Each structure stands twice: as C-alpha cells, then as structure tokens.
Amino acid sequence: MSQISQLELEIQGCQENIRNLQAKRGQLEEAKRQNGMVANETGTYIMNRRSYAGNIHQYNGRTTISKRIAEKIEANYSRTEEINLLNNYDAIDSELKKEIQKIDDEIEAQNEAIRDKQRRIEAIREEERREQERREREQREREQREREENERRRRGTIR
C-alpha cells in the first residue's frame, strides 16, 4: 500500500474518531442541559418549601394543627441539606464541563493529526511530481541526444 493510501486511511480513522467524539459531546451537552433543568426545578421546590414553611410559621400560634405541621416541616427542613443538594448539581455541571473540554481538546488533536497527514500527503505528491519531471527531462535529453547521434550518423553516411 502506498504511503498516500495509508495516510488517507489514517485520515478516515481520525474523521471517524471525531464523529464519535462529537456524538459523545452531544450526549454530555444533553446531560448538562438536563442537570441544569433539574437544578432549577430543585431550586423552585426549595423556594416553595421555604415559602410554605414561612406561611406555617405565620399561623403557628393560631391553631394546634398548624403547630404540628410546623414541627414536622422543621424536623425535615435543613438549610444545609438544601445547600448540599444544590452544590451537587453545581459539582455535576463542573464535571460535565471538564469532560466536554477534554472531548473538545481531543477533537482538536484529531483535527491537527488530519492536517499533519494532509501536509505529508502534499509533500509526497510534490516529491512524486518533481521525480516525474526529472524523469521526463532525462527522457527528453536522452531522446535529443539520440536524434543528434542519428543526425550525425545520417550525415556521415550520406557524405
């Protein structure tokens, strides 16, 4: 197999790697989008829960049932847990961003490999072109010498 054919196959392999990396990147982008949506929903849930707890506290002194509800909410209500929960979404987002950046870097590396292989192909083709020109020039020079030699012989035999 010629060098050019081998390099073209390697380029095709790089292009396939890029397609696979782009698909993986798309999946990570979708996961990042979904993580953001869930984080927003969780934030909304937390705000609603705080609002509800605040409303219960307003009515706390008025009825026995509101006192019991307030006690149950306070037992389950932890600001630290909420912060930890929201921080988890931030950590997930950060990890997804890192993975996406790794994929972007690998795609760029594959593109650089393709550009390098294309430069090598061009250099090989240029070398082949020069070699072909050299052979053609030598062939013309050889033919010219043969014509001149034949002309000298013809003149020599005619005289």
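I began with R115, and I noted that R115 is partly exposed in this predicted model, since its relative accessible area is 32%, which falls between the 20% and 50% cut-offs. I then looked for its partner and found that the side chain of R115 meets that of E112 in a salt bridge, with 3.0 Å from N to O. Both residues lie in helix α3, where three residues, about one turn of the helix, separate R115 from E112. For E112 I wrote down a relative accessibility of 36%, so E112 counts as partly exposed.

Next I moved along to R134 and E131, which also both lie in helix α3 and are three residues apart, about one turn of the helix. I found that salt bridges with shared partners join E108, E112, R115, D116, R119 and R120 into one network. Returning to R134 and E131, I recorded that their side chains meet in a salt bridge with 2.2 Å from N to O. R134 is partly exposed at 29% relative accessibility, and E131 is partly exposed as well, with a relative accessible area of 27%.

I then turned to helix α1, residues 3-59, where E16 and R19 are three residues apart and therefore separated by about one helical turn. Their side chains meet in a salt bridge, for which I noted 2.8 Å from N to O. E16 has a relative accessible area of 36% and is partly exposed, while R19, at 46% relative accessibility, also counts as partly exposed. For the salt bridges as a whole, I wrote down a count of 26.

Is K117 buried or exposed? I found that K117 is buried, because its relative accessible area is 12% and the cut-off for buried is under 20%. K117 lies in helix α3, which covers residues 79-158. When I set aside its neighbours within four places in sequence, I found K117 in contact with L7, E10, I11 and C14.

Last, I looked at the whole chain, which has three helices and zero strands and follows the pattern α-α-α along the sequence. Of its 159 residues, 19% are buried, and the chain exposes about 12,100 Å², of which carbon and sulfur atoms supply 48%. I also noted that, among contacts between residues at least 6 apart in sequence, 80% join residues at least 24 apart.

Definitions and conventions: Residues are numbered from 1 along each chain as its sequence is written. This is a predicted model: local features need pLDDT of at least 70, side-chain atom pairs count only at pLDDT 80 or more; totals for chains, interfaces and linings use all residues. Side-chain values use heavy atoms; hydrogens and water are left out. Helices (H or I, at least four residues) and strands (E, at least two) are DSSP runs, numbered from the N terminus. Buried means under 20% relative accessible area, exposed over 50%, partly exposed in between (1.4 Å probe, protein chains only). Contact means heavy atoms within 4.5 Å. Accessible areas come from the Shrake-Rupley method with a 1.4 Å probe; for residues, only the protein chains shown count as cover. A salt bridge is a side-chain nitrogen of Lys or Arg within 4 Å of a carboxyl oxygen of Asp or Glu.
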